[in-house]
Amino acid sequence: MGGRALETLVGAAVIVVAVAFVIFVYDRVDVADGAGTVFHAEFEDIGSLQTGDDVRIAGIRVGQVTRLDLDPDWYLAKVAMTIDPGVSLPRDTIVTIASASLLGGHYVSLHPGTGEVAGDGYLFTDTQGAINLIDAVSRSIFGGLEE
């Protein structure tokens, strides 16, 4: 009888840990929080940016990438971002895609300006796409392409 009680106790502990893990992941991924202001930006190259990646101002997370689309007319990558409530962005904000590390991964970096505040659905046009680090290093070592 003592063996079954121990098995039941261990099983209950595993279930509690699993539920705690699910709650932790749910909170960290911000699945529950869909509120915020949606902005768009167009880029020539987004590198390895994916939905769910961070949007940051001065390194502080203020939102996430919610959608990636291809503009069928101009073949630009259109990025939709949901920014946390309470964060307002001027229309002259510069939007760049930065590398999270040397191993890959990107995030959207916002550099707010001082102009009029942009509203929900605003399309930022002052953008800088992802920089290919391997290409930049090889160009600095071997020089640019010369003819």
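1. Let's start with Tyr 122. With a relative accessible area of 21%, Tyr 122 is partly exposed; here buried means under 20% relative accessible area, exposed over 50%, and partly exposed in between (1.4 Å probe, protein chains only). Please keep in mind that this is a predicted model, in which local features need pLDDT of at least 70, side-chain atom pairs count only at pLDDT 80 or more, and totals for chains, interfaces and linings use all residues. Residues are numbered from 1 along each chain as its sequence is written, and side-chain values use heavy atoms, with hydrogens and water left out.

2. Which residues form one aromatic cluster? They are Phe 39, Tyr 122 and Phe 124. Rings of Phe, Tyr and Trp (its six-membered ring) pair if their centres lie within 6.5 Å; planes under 30 degrees apart count as stacked, over 60 as edge-to-face and the rest as tilted. By this rule there are 2 aromatic pairs. Phe 39 and Phe 124 make a tilted pair, at 5.4 Å centre to centre and 45° between the planes. Phe 39 lies in strand S1 and Phe 124 in strand S7 (residues 123-124), so this pair ties together parts that are 85 residues apart in sequence. Tyr 122 and Phe 124 make an edge-to-face pair, with 5.1 Å centre to centre and 75° between the planes. Phe 124 counts as buried because its relative accessibility is 1%, and Phe 39 is buried too.

3. Next, the inside. A nonpolar core is a set of buried Ala, Val, Leu, Ile, Met, Phe, Trp, Tyr and Cys residues joined through side-chain atoms within 4.5 Å. The largest one has 21 residues, and those with the most contacts inside it are Val 55, Met 81, Ile 83, Val 108 and Leu 110. At least two residues of this core come from each of strands S1 (37-43), S2 (54-57), S3 (60-70), S4, S5 and S6 (106-111). S4 gives the most, with 4 residues. Strands (E, at least two residues) and helices (H or I, at least four) are DSSP runs, numbered from the N terminus.

4. Ile 83 deserves a look of its own. Leaving aside neighbours within four places in sequence, the contacts of Ile 83 include Phe 39, Val 55, Val 62, Leu 89 and Leu 110. Contact means heavy atoms within 4.5 Å.

5. Pro 85 sits in the loop between strand S4 (77-83) and strand S5 (94-99). Is Pro 85 buried or exposed? It counts as exposed, because its relative accessibility is 53%. Beyond its neighbours within four places in sequence, Pro 85 is in contact with Ala 35 and Gly 36. Pro 85 and Thr 37 are 48 residues apart in sequence, and their C-alpha atoms are 6.6 Å apart in space.

6. Now the charges. Side chains of opposite charge can pair when their charged atoms come close. A salt bridge is a side-chain nitrogen of Lys or Arg within 4 Å of a carboxyl oxygen of Asp or Glu, and the count comes to 4. Asp 54, Arg 56 and Arg 61 are linked in a network of salt bridges. Within it, Asp 54 meets Arg 56 at 3.4 Å, N to O, while the closest N and O atoms of Arg 61 and Asp 54 are 3.0 Å apart. Asp 54 is partly exposed, at 22% relative accessibility, as is Arg 61, at 29%. Asp 69 forms another salt bridge, with Arg 67, at 2.8 Å between the closest N and O atoms.
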